[in-house]
Amino acid sequence: MANRALHNLGATPRKGNHPCNLCGQFGKLTRTHVPAKAAGNRVRRSRMVSANGRVIPDPDPRDGGLYVFAHCRTCNGDLQAQYDPAYAEMANGLRHLWVPYPTPGMPLRHALPAIDIMPGAIARTVLIGFFALAPKLRALHPGLADSLVRRDPAITLPPNFAIHLALSVGTQARIAGPFFNIVASSMGRGARNVGVRSSASIYFPPLAWQFAPPDDVLLTAQGWANVSDWLSMPADRTVPLRTVCPPTLPMVWVPEFDPMFRRNMVSMGGGKIAEIVMATDVPAQLFDRA
Ligand SMILES: [Zn+2]
C-alpha cells in the first residue's frame, strides 16, 4: 500500500518520458530541488504523501534535500538555475532571522534588515518551484508557464493567485502541492472555520512561500506579505528589500508543527496530485555561520 502510494509521487524517479511540469515537453524528468540547493537545501528528508486522504511517513528517509522529479533538464538546469543564486543570496541575507527553536515568548514578527535583493529573479524561481509542486498548474494556466519559459521581462499572475511571503521558524522544512488546510475554530459552535486554499507551498528556513488567493483569510490574518508584483520586475534588477516588502514579516511554522494549529487542523490533499516532501530535523547550522 505504502509503496504503491509512493510510486505515484513526483518525489520518486519514473522511467521513460513524461511531460515537464513547466514547459510541457516530453522527456526525462530531472531532480528539481525546491528551493535551490544553494539555499541550504541538502537536508535529510522524510518524505510524506497524501494517499487517499492519509499522510504516511517515508519508509526510506535519506539525504539530498527536498526535491521532486518535475522539470525537464532545460527548465531545471538552464532556466531555474539562472535565478537560483538570487534566491540563495536572499536566504543567506536573512539567515540571522531564522529561529530554529522558538520559545513561547518570542516576537511574532521580525524587522527586515537593509539588504539588497533581486525580486524579479527570486519570484521567478519561487514560481517555477510552485509549478514543480503542482503538476496540474500548467494545464490550468499554460500562459503563465509559457511566460516563464520565454523569460518575459514582466510576468502577470492569473486573478485569484498571489505569492505570499513569511519567515519560517522551527527545524522543519516542507514543500507541498495543492492542499486545502482547514483550521477548526476553537470559539465554539457557530464560529467559522478558517481555510487556506494553497496551490503550492514552500517552507524552508528562513523563508516561507504560499501560492494562494490574495485575500486568503488565514494568510492575511497571519500577516504574510503579498509579493506578487516582484514578477513585474526584470530578473536582473537589484533593489533594497525594504522598498519591495513590508518592514516586518510574520514568523510561521510548517503547519503540521504549528502549536496553534496542529491539534485542530485538517489537511485535505488532492489525491494523487497532492504530495508533501518534508524534513523534520533541519540542522541549526544550515548555513555556514562562520
Ligand atoms: Zn521543461
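Helices (H or I, at least four residues) and strands (E, at least two) are DSSP runs, numbered from the N terminus. The structure described here is a predicted model, in which local features need pLDDT of at least 70, side-chain atom pairs count only at pLDDT 80 or more, and totals for chains, interfaces and linings use all residues. Residues are numbered from 1 along each chain as its sequence is written.

The loop between strand E3 (30-33) and strand E4 (48-51) contains Pro35. The peptide bond that leads from Val34 to Pro35 is cis, with omega near -5°. Pro206 lies in the loop between strand E13 (200-204) and strand E14 (207-212). As background, most peptide bonds are trans, and most residues other than glycine have a negative phi.

For exposure, a residue is buried if 20 or more other C-beta atoms lie within 10 Å of its own, exposed if 12 or fewer, and partly exposed in between, with C-beta atoms placed from the backbone. Arg151 is partly exposed because 13 other C-beta atoms lie within 10 Å. Asn160 has 12 C-beta neighbours inside 10 Å and therefore counts as exposed.

The strands come next. Strand E3 pairs with strand E6 (residues 67-71) in the antiparallel sense over four bridges, where pairing requires that DSSP finds at least two bridges between two strands. Within this pair, the bridge partner of Thr32 is Val68 in E6. Four of the five residues of E6 are buried, and the strand is mostly covered. Strand E10 (residues 173-176) runs antiparallel to E13, and three bridges join them; Ala176 has Ser201 of E13 as its bridge partner. From E10, Ala173 and Ile175 point one way and Arg174 and Ala176 the other way, and all are buried.

Two packed helices are described by the angle between their axes and the distance between the axes. The axes of helix H2 (residues 73-93) and helix H3 (residues 119-133) come within 8 Å and cross at roughly 115°. Such axes are lines fitted to C-alpha atoms, for helices over the stretch in contact, and angles run from 0 to 180 degrees between N-to-C directions. On the H2 side the contact is made by Leu79, Gln80, Tyr83, Asp84, Ala86, Tyr87 and Met90, and on the H3 side by Ala121, Ile122, Arg124, Thr125 and Ile128; residues are in contact if their C-beta atoms, placed from the backbone, lie within 7 Å. All 15 of the 15 residues of H3 are buried, so H3 is largely enclosed by the rest of the structure.

Leu137 belongs to helix H4 (residues 137-140). Leu137 counts as buried because it has 24 C-beta neighbours inside 10 Å. Leaving aside neighbours within four places in sequence, Leu137 is in contact with Phe130, Phe131 and Ser199. Leu137 and Pro178 are 41 residues apart in sequence, and their C-alpha atoms are 9.6 Å apart in space.

Notes. Contact = placed C-beta atoms within 7 Å.
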